[in-house]
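Hi,

Here is the structure I promised to pass on.

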Amino acid sequence: MRHFLNTNDLSRAEIDALLADAAALKQSPINDSLKNKAVALVFFNSSLRTRSSFEIGTFQMGGHAVVLQPGKDAWGVAFEPKAVMDGEEEEHVAEMVRVLSRYVDVIGVRAFPKFKDWSVDREDRVLKAFAQYAGKPVINMETITHPCQELAHALALKERLGNLQNKKYVLTWTYHPKPLNTAVANSALLIATRLGFDVTLLCPTPEYLLDSRYMELGAANAAESGGSLKVSHDPTEAYTGAHVVYAKSWGAIPYFGRWEQEKPIRDAHKHFMVDEAKMALTDNGLFGHCLPMRRNIKATDGVVDSPNSIIIDEAENRLHVQKAVMRWLTGAR
Amino acid sequence: MRHFLNTNDLSRAEIDALLADAAALKQSPINDSLKNKAVALVFFNSSLRTRSSFEIGTFQMGGHAVVLQPGKDAWGVAFEPKAVMDGEEEEHVAEMVRVLSRYVDVIGVRAFPKFKDWSVDREDRVLKAFAQYAGKPVINMETITHPCQELAHALALKERLGNLQNKKYVLTWTYHPKPLNTAVANSALLIATRLGFDVTLLCPTPEYLLDSRYMELGAANAAESGGSLKVSHDPTEAYTGAHVVYAKSWGAIPYFGRWEQEKPIRDAHKHFMVDEAKMALTDNGLFGHCLPMRRNIKATDGVVDSPNSIIIDEAENRLHVQKAVMRWLTGAR
Amino acid sequence: MRHFLNTNDLSRAEIDALLADAAALKQSPINDSLKNKAVALVFFNSSLRTRSSFEIGTFQMGGHAVVLQPGKDAWGVAFEPKAVMDGEEEEHVAEMVRVLSRYVDVIGVRAFPKFKDWSVDREDRVLKAFAQYAGKPVINMETITHPCQELAHALALKERLGNLQNKKYVLTWTYHPKPLNTAVANSALLIATRLGFDVTLLCPTPEYLLDSRYMELGAANAAESGGSLKVSHDPTEAYTGAHVVYAKSWGAIPYFGRWEQEKPIRDAHKHFMVDEAKMALTDNGLFGHCLPMRRNIKATDGVVDSPNSIIIDEAENRLHVQKAVMRWLTGAR
């Protein structure tokens, strides 16, 4: 039994096969791959596209998805082994996941970091607990990485660019009024290096570098794929000649749990917003961003609504890639 | 591509065709009109019947409905063009609706007024934004009008009365402890005048007249249908000889945003409650009210539970008319 | 038309037939018993397993379940007859249930006690109101009893023990930081006495006895089934020779509405937790508990994770027994 927790758990051939199947599903969306099968979608955090696309994708393949929101319309859940459960949580993940495994064929889980202590968040305990206790395949619907977004992004890039090898890819930090999860940034780094891009990570200061785990995995991926990975703090240098600009805001790891101290640095870099002037430096570059996205904070309307914007295509592709993942995990294909 | 935003956007022939199809669906509810199709139901406000009836109606025609509640279990949404999104909203309606249009075949939206400033609420911006950005048909599930309720009401009246032309229809304001949306009242006015009724709008004072847009549309509808529209502040006059009494509470538009000043007027008119004495003045009149409805505040138990009460039939008809609307919009019929 | 409100409304033959059908559905889960049918699941309280298992069970038999959460994403509901609805509730159960009966074929309802006044809670008014107004079969998804849990528990016991007659069954109170519903305890008493067990109700003091209605029904059930019912306050005596230990926490009825006074008694009996030492006194006894369950508060990890633990089997069986109930109620079998 396989899970879909992180793209680095898959071989390049497996990733390519999933992308090929997703492209086929985009052309021909209806099939019986999940006929009479059930999927549990467990959301510890809000969702619009993830929920819709999993729920509809399951339906289009003959199955049914149940949406569960623990602590909201289901019980609060404890995750620690050997927990003495005298607090707010009524249920342990061990029971929750074992029971769901009796009811369903696939379990998706979304669990964002708590943003208090990165040394805790980086352990990705909720996802690991699900994988540990599940008798059925588990899909990461965003924790500290977002592998479904990675595949959707990869498919959108292939659709527009064809061959991706050694094209210039800029992953740029942007301002956001709140510190955000690094998951999509980690994931962009992982998939872009995997696909052979020459990747530039553009961020305000070295404090905004991603966790060393992902920096190192990105470097290793690039070495294997024939791409490259470098860091820049200079927007002009980074944008020049880029084929892809992927924007995302994230919180600086050294400031986890004391965000007031990070705020002035963030506030001083509002000019990292993606705008027409910066995009003019690119080589007819594509603009990407996962959704949701704040307009005129992360990117100007002009950039978001330009023909080079792939944000809607990428979001659509969530549907197709997730269907490919589900039928791969359940052995239907 | 057509939307279903307001009944006045449809010809009388189109309305009659929808009602005829709804009646047919009531007899024969199962079909493949939405086979493999998906529907997004976006609720910015609570729902019981709307949600149930759309979800079940979609299922009965072979499709699947996804229920989304932005700001609750999905992201908060910004609606203004050119918004600089540095507030609470994480997502712009442009992206939300464009992406949903990639996933689904029909989009329903419920967005009640904010009750602060009627000059803003009357623009119906959320509904218009959905229609503007959607690549798929949009259905109004209640904003400042409630056209699905109109069709359900019309079908219930036809079932009981047959020919509606120049029957006497009273739309009566009733007390409610809170100021409420005018949507159902606007809609009752629109559909009753459309169908050829002689309509009396009964309300405590001229301050409770509906927005001039709907008063004027009602008058124009009546002129075209051979019906009539007049206003009364006298329950006895209004009820006498009525064939239909449709009750609804709504807030007085001149008091929008300063409801404390309206409260004494509202409180002074609790006697507008529909009761047996008033109904005795009618010509064996039917009693209608959309749901939810507060018993013994809007109408007495005796009226609500009488054989002339059509509230449950009308609520049932939501299922049938909405199925007719969905298969009309998707070209399945 | 029958409802499924309490197992004592069913004959022993009917219970046995449901359990037999559930066992068959466990072997062969897919069928058309609810083809094109709809189910409403009305939750006034949180749920994970109940919701998932009903929703998936309905799907596996060709139907569709709608989940409604009044007061959360639907309207607040009033239950009293002749209510003058000038408070928070927007809707009366009469309308809610009558309308749902037009949309669906089965209605499930979960409504926990309010924990203020047991003389009110014990009337089970919400459930009775649903049954009173419903034009379709109603299923109790837990109110002051939990009959679906009873059947799931019974099936799990039959799977492990085969013949249940005069096996020793201990229903033990356990500590919990909050006073809890007596529903599952009431239900365990009802079903264990029904099935012919020799039942011991183990609780800290006589104040923790269950409501006299259930004590008396339990005694009557035991008299009819050839089992027995006795009370113990001594864990050693109770556990010795037991074939089944079923654990549950519940609030002491004499303290309803003044829980601060009960707290010291509860706190003084934390040692009622099910642990390995107590289980060693049993005759290779099975351990059961409905979910959710607090680990190391209700039972130690060692007990919960032992091969004699049937908690996951029992939770799985919810799916199978509820499908059997639904197709019995709808006449599909």
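Which strands of chain C does helix α8 lie across? In this predicted model, helix α8 (residues 212–225) of chain C lies across β8 (198–202) and β9 of chain C, and runs at about 140° to β9(C).

Those strands belong to an open sheet of five, in the order β9-β8-β7-β10-β11 (chain C), with parallel pairing. Its edge strands are β9 (228–232) and β11 (286–289) of chain C, each pairing on one side only. On average, neighbouring strands in this sheet are turned by 20° against each other, direction ignored. Four bridges join β10 (residues 244–248) of chain C to β11(C), and C:V245 has C:F287 as its bridge partner there.

Now the aromatics: there are 30 aromatic pairs over all chains. One of them is C:F115 with C:F256, stacked at 5.3 Å centre to centre with 10° between the planes. C:F115 sits in the loop between β5 (106–110) and α4 (118–121) of chain C and C:F256 in the loop between β10 and α10 (259–267) of chain C, so this pair ties together parts 141 residues apart in sequence. C:F115 counts as buried at 17% relative accessibility, and C:F256 is buried at 10%. C:F115 also forms a tilted pair with C:W259, 5.8 Å centre to centre and 55° between the planes. C:W259, in helix α10 of chain C, is 144 residues from C:F115. In chain A, ring pairs link A:F115, A:W118, A:F256 and A:W259 into a cluster.

As for the copies, chain A can be laid on chain B with an RMSD of 0.0 Å by a turn of 120° and a shift of 0.0 Å along the axis. The two are therefore related as by a three-fold rotation axis.

Cheers

Technical notes:
Residues numbered from 1 in each chain as written. Chains lettered and ligands numbered in written order. Predicted model: local features only at pLDDT ≥ 70, side-chain atom pairs only at ≥ 80, totals over all residues. Heavy atoms only, no water. Least-squares fit on C-alpha atoms with pLDDT ≥ 70 in both. Pairing = 2+ DSSP bridges. Helix = DSSP H or I, 4+ residues; strand = E, 2+ residues; numbered from the N terminus. Axes fitted to C-alpha atoms, helices over the stretch in contact; angles between N-to-C directions. Contact = heavy atoms within 4.5 Å. Phe/Tyr/Trp six-rings, centres within 6.5 Å; stacked < 30°, edge-to-face > 60°. Buried < 20%, exposed > 50% of the residue type's maximum accessible area, 1.4 Å probe, protein only.
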